[in-house]
Structures are given as C-alpha cells and as structure tokens.
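Try each task before reading its solution.

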Amino acid sequence: MKNSALALLLLATLLSCSEKKSAELSEQIFEKHIATLASDDFGGRMPFSEGEKKTIDYLQQQFKTIGIEPGNGNSYLQEVPLVEITATIDPEMIITKGKQETLIKGSEGFVMWTERLDSAIEFKDDDIVFAGFGAVAPEYNWNDYEGLDVKGKIVLVLVNDPGFGGSDTTFFKGSTMTYYGRWTYKFEEAARQGAKGCFVIHNEIPAGYGYNVPQNNWNAPHLYLDKGASKEYKCAGVGWIPMQTAAKLFQLAGLNFGEEQSAARKPGFKGKSLGLKATVGMTVRTKYDKSYNIIGKITGKTKPDEYILYSAHWDHIGIGRPDDTGDTINNGAEDNATGTAGMLEVARLFKSGEQPDRTVVFLAVTAEEQGLQGSAYYAQNPIYSRDSTVANINIDGLGSYGQMKDIVVIGTGQSQLEDYLKEEATKTGRYVAKEPQPEAGYYFRSDHFNFAKIGIPALFTATGIDHVTKGPDYGRQLQDEFRRKHYHQPSDEYDSATWNSDGALSDLNLLYLVGKRLAFGAEWPQWKDNSEFKQLRNK
C-alpha cells in the first residue's frame, strides 16, 4: 500500500458509490481498510512510531470522508500522555542455593520488564517465594499471602486462578477466569504485598496463548499512562517464566512442582520460601510522549446528551523479533485492523441512514496492547460522562474464517446487552454461544473492561466456531491454528487470496443492530444481578 493517495481516492469513490445505494456493510470497503492498516507501510501500528502517525492520519481522514463529526470539541483527537519504559535485561539470571549456582537464560528461561522509572535496577541475592496463585479474594475466603512475608523478595505465582480445571462454579467461577487470574492483577497484588519482583509461571492452556507471546516482551518497550509524580509502589521487576524453568527451580529447592501446583488449588494452601536466591539486573530508558485516541460522533436528534459508544483499538505491537521467514513486522491484521475497519463500517452505516435519536460515538483507542492504556485514560478522563453513556460495544478481532452459525459472547451473564444480541441473532437464523475458552479471561483483555470497571454495560463478542458448512470441530481448529501460529506474530497479515470476511461482516451487522436498537430507542441496558459490575452502575 505504498500509493496511499491512490488508496484514499479509491476509498472515497467506494464510499460515495456505497452511500448512493442501500445502507449495508461493504466487504470491499471493509477489506480495503484492513489492507491499509495492516500493510507493512504502517509498521505494525505501535504508539510512538511512524506507523502511529499514519494510522491517526488515516482514521481522521476516514471519519471526514464518511461525514463523522469530531468527537472532542473541534478535534478528532484525545491526547493520551504515556511513558515508554525500555528495560535491557542481563542475558542470564543467576540462581543460588548455598554455594550451588544455576544459570537461567534470558528470553528462553524468563522474561522480565519494569514499570519503574529508575535508570538501573538490580536484584542481588533476593529470596524467591512461592505464593500459589498470588490471589487475595475475601469473597472466596482465599488469601495466598496470609502469613507469608514477601517484602523485598521475588514472588512466583501460577497463571489463572484456583478454580481453573474444576466444575464448581461457586469456587472462583470454576474454569471461567476471574480477575484474580489475570496477570496484571497478580503484579498489582504482589506490589501491594511489598514484593520486589513477581513472575507468573506460564502454562499455555490456562493462559490461553503460547510462551512465545510473553517472549515478545524481551527487551521490548512498554507503555504506561504517565501519572506524573505518583508515589504508587511498583515491583522493581515483573515477568513470566515457562513451566520448564519453574520445574527446575522447584527441583533445586527439593520440591516437586506438580505436587506444589496441585496443593495451591486447595483451601488451606500456605505459600513458602524456596530457599533460593536470584541475581539479575537491568538498565532502563524512559521516554515521555503523547499518543492519541481518535474519536468521532453522530449527534442524536432528540437525545443528543445520551451516548452509545463503539470502541476498537487501532494499535498493535510494531516491530519485533524475526520469525522463521525473517519478517519482523507484526502487522496485526485480525488484531485489530479488523475491529478498527469494522468500526469505520458501522460509522458509515449509521451515517448513511436516518439520524439517530441518541448520539453515537466512535472511539479508536491507543495502547490496548500495552495494557488497555488508551481506554483506561478515556475512562478516567471521559469526553462524555459515564452517567450519560448508555452502553459500550467493543470490536476486537473479527475472524477471517468465513461464516459461522454462532457468535460468542465474552463474559456470559454480565448485562442485558447479550440479550439484545441474542434477539438480533435469532432474527437472522444464528445463535449466541458461550465462550469456548472461559479460562483464558478474555473479558479482562480488551478495552470494554475499562468501561465495565466504571459501571457502563459493555458488550464484547468473538468469532464463533460453528462453521456454517463444516461444523464446530473445523471452526475450533481454525481458531486454535490462529492462536498458535499467528496471534501477536508477523504472520497475522491480510491476504486477499485467502481472506473470507463473510463471518466478520455477519458479526459486525449484529453489533450494528444492537447499537441501532439503543440509538433509536429509550432503553438503558442493565447489569445482571450476579455481575460484579452492577453496583458500580448503581452508584
């Protein structure tokens, strides 16, 4: 996509022709957006990169072409102050037990980074402690840190939460991950306990992705919201270790990792020191800059101060380690050029029809891949108030696998929005399915989560697996293959020869219909009684 001027002219022509026809989603326009955003020319859309500038320019131009009003006063932009922290880690970690030394190789044996702004950080003969799942969950009468002194020490914790693998849905929701299973929570809790470091023990099934995904963090920049002179305590180092490293550490400690892992799932578990010490250091570079959320709107005609908020993250992870072919650009076609392109198509569809009663807002957020930072900033600094925002509909990762009979709700049982989705799906001969991997905690892994955390009912869906002609086993195989071979890798590219957008457009149409129902209606969808977010809305 080197000839960007020609591409923009073609898009303008397509948009014009489409608007003269009936209002419907366009596969041609949808895929043209994906091809542009996921092109090598956009460099993987990493914030603070040339790819960010191109993405921001492109999205603003598309909003203008469609006729979407600026969403932040006279501007399409909301500044998001960020700090980029790049840690260069020692190539090996030294583990000692008495006079015995064992070397753990960086990247292969551990991945580490920091949220601190210090120019240099050192772990020197620091004690290693096993803290189970690293969860403090009073509602489940569970505290992995009870009686355990971890101040100034390195904590090892298991991925996911104690309910994983069980059928008792009252015990940490069984195999459906709670927020206590999310790695971000584990780092936060370790810091609250005063730990100096925290490593999550990786396991592909309960994590939901291979170890190659955290490996992308090796000596890579990380972005965080710039909180100025905040005194909030952060661990000096956080990261991941593969199970092979964990097994080796427990063996050095004279313990069996499998037995300790099983014990950590049972009530009454007590954490313990491994009798090991770790030494590793890092140098740290910091860079302060601004990224941007891009925001547009269609003003409502009768209830302009009530808002339906569509969101999608425009960013990806940029340039990384070369794959087997030598490719270093993580193009992020499915993740999340599809969602961004889809939001543009929903915006075009709304604009080509009758003016809605409520205002419809389109928010393309930055730094989702860095920990949902752009949506977190918007939630903390909303352009449209929380109390006036009727609902959030988030679009992240529309599949390229063809038509499915089902559409998956992530976080089943949260709000009435999924009931609206079910009604619309039934009208089209489709059905709503529960997520096939509830243990992966996808409800905590995209931008809708930040809106849920401030009480706004949020809908997040995923591509189904029940392929219209080949059935669920085939659909599951396609998704497993994407997760293993393409997720957060350079091979997540757009290929016009193999790409099939039928299913993506079908899902997108349902998300449009749910938003249309709200935009032309008076309903305020509510959280369901068993949702942990209900009280936030009530407040």
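**Exercise 1: Helix α7**

Just after α7, G254 takes a positive phi of about 80°. This is a predicted model, where local features need pLDDT of at least 70, side-chain atom pairs count only at pLDDT 80 or more, and totals for chains, interfaces and linings use all residues. Residues are numbered from 1 along each chain as its sequence is written, and side-chain values use heavy atoms, with hydrogens and water left out.

Task: find which residues of helix α7 (residues 243–252) are buried.

Solution. 
- Step 1. List the buried residues (under 20% relative accessible area, 1.4 Å probe, protein chains only). They are T245, A246, L249, F250 and L252.
- Step 2. Look down the axis of α7: these buried residues fall within an arc of 160°, so they line one face of the helix. The arc is taken from the directions from the helix axis to the C-beta atoms.
- Step 3. Recall that an α-helix has 3.6 residues a turn, so residues three or four places apart point the same way.
- Step 4. Turn to the face away from the buried side. It carries Q244 and Q251, which are exposed (over 50% relative accessible area).

**Exercise 2: Helix α3**

Task: describe the span and the ends of helix α3 (residues 50–66).

Solution. 
- Step 1. From first C-alpha to last, the 17 residues of α3 reach 25 Å, close to the 24 Å expected at 1.5 Å a residue.
- Step 2. At the N-terminal end, S49 is the cap: a side-chain oxygen lies 3.2 Å from the backbone nitrogen of G51.
- Step 3. After α3 comes G67, with a positive phi near 100°.

Note on methods: Helix = DSSP H or I, 4+ residues; strand = E, 2+ residues; numbered from the N terminus. Expected span 1.5 Å × (residues − 1). Polar contact = N/O pair within 3.5 Å; in protein donor to acceptor, adjacent residues only side chain to side chain.
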